[in-house]
Amino acid sequence: MNTARRALLERMVGQTGMMAKAGAALPPPDELVLLLNRTGFGIRPQELALAQQMGFEAWLELQLSPEQIDVSALENALGRLQTLSMSNAQLIQHAQANQNAFQSLLELRTATLARQIYSGRQLFETMVEFWSNHFSVEHISGPIRQFKTTDDRMIREHALGRFADLLNGSARSPAMLFYLDNYANVARGPNENYSRELLELHTLGVNGGYTEEDVKEVARAFTGWTINLRGDYDFMFAGINHDFAAKRVLGIDLPAGQGIEDGQQVLDLLAMHPSTAQFIATKLVRRFVDDAPPAGLVAAVAQSFLASGGETRAMLRTIFLSAEFKASADRKVKRPAEYIVGALRTLGIEVRGSNPYRQVNAYLQRLGQLPFMWPAPNGYPDVQNYWINTTAWLSRWNYAFALVEGQLGAGIKIDTLALAGDARQPAALVDRLTALIVKRPLMADDRQALIELAAGGAPPDLPLDTRTLQLRVQELAGVLLASPYFHFR
């Protein structure tokens with residue numbers, strides 16, 4: 001990166017205080033831009049135009065009804081990824097027959113990125129990522145390379161639905177059963193891995209009111225919940241391995257003689273527990289509003305959870321229509337996936353080729369957020385302090401300039417003249433790219449510095465020739481993508 005670019009970016013970072021905290025005093029985006037930024041992986045110009053035509057609440061309702069948004073062309077294209085639609089048995093058999101345990105992993109990763117980049121169902125894809133992170137399964141070990149495909153299918157089915165359905169689906173998911181060892185949870189030696197994470201990470205939260213005795217009793221309740229390893233590789237209840245004695249969980253008695261009903265009763269209890277409502281509300285408000293979730297909004301979302309029977313749509317409406325949300329500009333920073341995918345979406349880049357996501361995945365890996373690859377069951381963090389540091393800044397800056405300069409491979413190209421539109425003078429070019437990329441006003445001194453950068457020492461009102469224009473578009477687009485203006489979601 002040349003000295004002028006780096007000096008300008010370092011000044012922008014320093015004046016916003018982004019290295020220390022979010023909430024810097026930048027000119028704020030309007031409410032609709034804020035909504036689109038928070039509910040997706042980047043704003044395509046045509047989406048913003050449609051949202052402006054529809055208005056805030058109508059756009060929100062459209063995104064909450066993804067079945068109304070046609071994604072058939074995208075899904076038809078993804079049909080070439082043959083493992084996406086396979087059952088667990090077919091996935092295992094395919095991996096064995098082809099001696100390729102990683103095909104399903106790579107195809108699911110490709111589909112995940114493609115949907116985040118191209119799907120018009122942006123809030124839906126955001127919630128798929130949220131719940132995948134909440135019910136986190138590292139996509140690397142043994143048969144999880146295959147089982148995660150059907151786990152993802154389950155999450156996609158319920159991503160905007162009832163929390164109870166997600167919880168039940170996760171408890172029966174072979175990926176989760178294998179990842180947290182519940183497939184080996186038997187009466188003669190109960191395994192507490194799943195029961196502990198079920199209470200701490202999936203439902204009540206670490207301060208949700210359970211005890212160590214509850215962990216042990218929940219583990220007993222889920223004995224015999226396993227995987228049919230000699231058949232279809234789906235969930236099965238093996239009564240021979242179940243503890244049929246009486247149990248007591250969170251003050252509720254589970255009578256002796258029950259089988260699968262023990263685990264189901266625990267799930268039903270946890271799905272609508274007030275501590276679960278508080279825990280899920282806190283995570284949602286942290287994701288969409290502030291690293292430090294406002295207590296009043298958390299309480300309102302928790303009440304929406306309880307009143308609606310755990311409906312995700314009800315909780316999201318409460319969040320996005322709240323005063324706290326509309327006043328939360330620059331309280332959230334894009335994590336690597338939102339930043340990297342967001343740049344592609346914002347510039348309208350088409351990703352093509354035989355292995356089009358190789359370089360995108362390389363940057364996601366470098367920045368630490370490949371899909372489904374967090375190495376612990378608590379999921380990727382969603383707070384600025386984890387993701388923003390000097391090393392991360394430099395990697396993000398390098399990605400921004402590699403993208404706009406066409407260094408990410410033949411399948412990822414930028415049309416510089418299309419980005420410039422009719423703009424030919426430095427000031428007009430800066431204003432056009434600002435509206436296209438960051439979609440918010442610049443501070444006066446930042447705008448002036450970018451105009452001077454575009455002019456390159458020439459008079460600022462002198463039109464740029466075509467070759468110089470192309471170079472200036474690349475430089476300005478790179479600076480804007482690397483700047484704090486683009487890093488806030």
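**Exercise 1. Which residues of α10 meet which residues of α14?**

Before we start: this is a predicted model, in which local features need pLDDT of at least 70 and side-chain atom pairs count only at pLDDT 80 or more, while totals for chains, interfaces and linings use all residues. Residues are numbered from 1 along each chain as its sequence is written, and side-chain values use heavy atoms, with hydrogens and water left out.

Solution: 
- Step 1: find the two helices. α10 covers residues 163-171 and α14 covers residues 260-271. Helices here are DSSP runs (H or I, at least four residues; strands are E, at least two), numbered from the N terminus.
- Step 2: look for contacts, meaning heavy atoms within 4.5 Å. On the α10 side you get Phe163, Ala164, Leu167, Asn168 and Ala171, and they meet Gln264, Leu267, Leu270 and Ala271 of α14.
- Step 3: sort them by class. The contact has 7 nonpolar, 2 polar and no charged residues. For the sorting, Ala, Val, Leu, Ile, Met, Phe, Trp, Tyr, Cys and Pro count as nonpolar, Asp, Glu, Lys and Arg as charged, and the others, Gly among them, as polar.

**Exercise 2. At what angle do the axes of α10 and α14 cross?**

Solution: 
- Step 1: draw the axes, which are lines fitted to C-alpha atoms, for helices over the stretch in contact; angles run from 0 to 180 degrees between N-to-C directions.
- Step 2: read off the geometry. The two axes come within 10 Å and cross at roughly 145 degrees.

**Exercise 3. Which helix gives the largest share of the lining of the largest cavity?**

Solution: 
- Step 1: On a 1 Å grid over the protein atoms alone, a cavity is a set of points where a 1.4 Å probe fits but cannot get out; a pocket is an open set with protein on both sides within 12 Å along at least five of seven lines; lining residues have an atom within 4 Å of a point. Grid points are joined across faces, edges and corners, and a volume is the space filled by probe spheres set on the points.
- Step 2: search the whole structure, and 4 cavities of 30 Å³ or more turn up. The largest has a volume of about 280 Å³.
- Step 3: check its lining of 24 residues, where Thr112, Gln116, Glu129, Pro371 and Phe372 are the closest to the centre.
- Step 4: pick the helix. α7 (103-118), α8 (122-134), α9 (144-158) and α19 (336-347) each supply at least two residues, and α8 has the largest share, with 5 residues.

**Exercise 4. Which residues lie nearest the centre of the largest pocket?**

Solution: 
- Step 1: note the space, about 430 Å³.
- Step 2: go through the 20 lining residues; Lys283, Arg286, Asn378, Tyr380 and Asp382 lie nearest the centre.
- Step 3: see where the lining comes from. α8, α12 (193-202) and α15 (274-288) each supply at least two residues, and α15 gives the most, with 5.
- Step 4: finish with the classes of this lining: 8 nonpolar, 5 polar and 7 charged.
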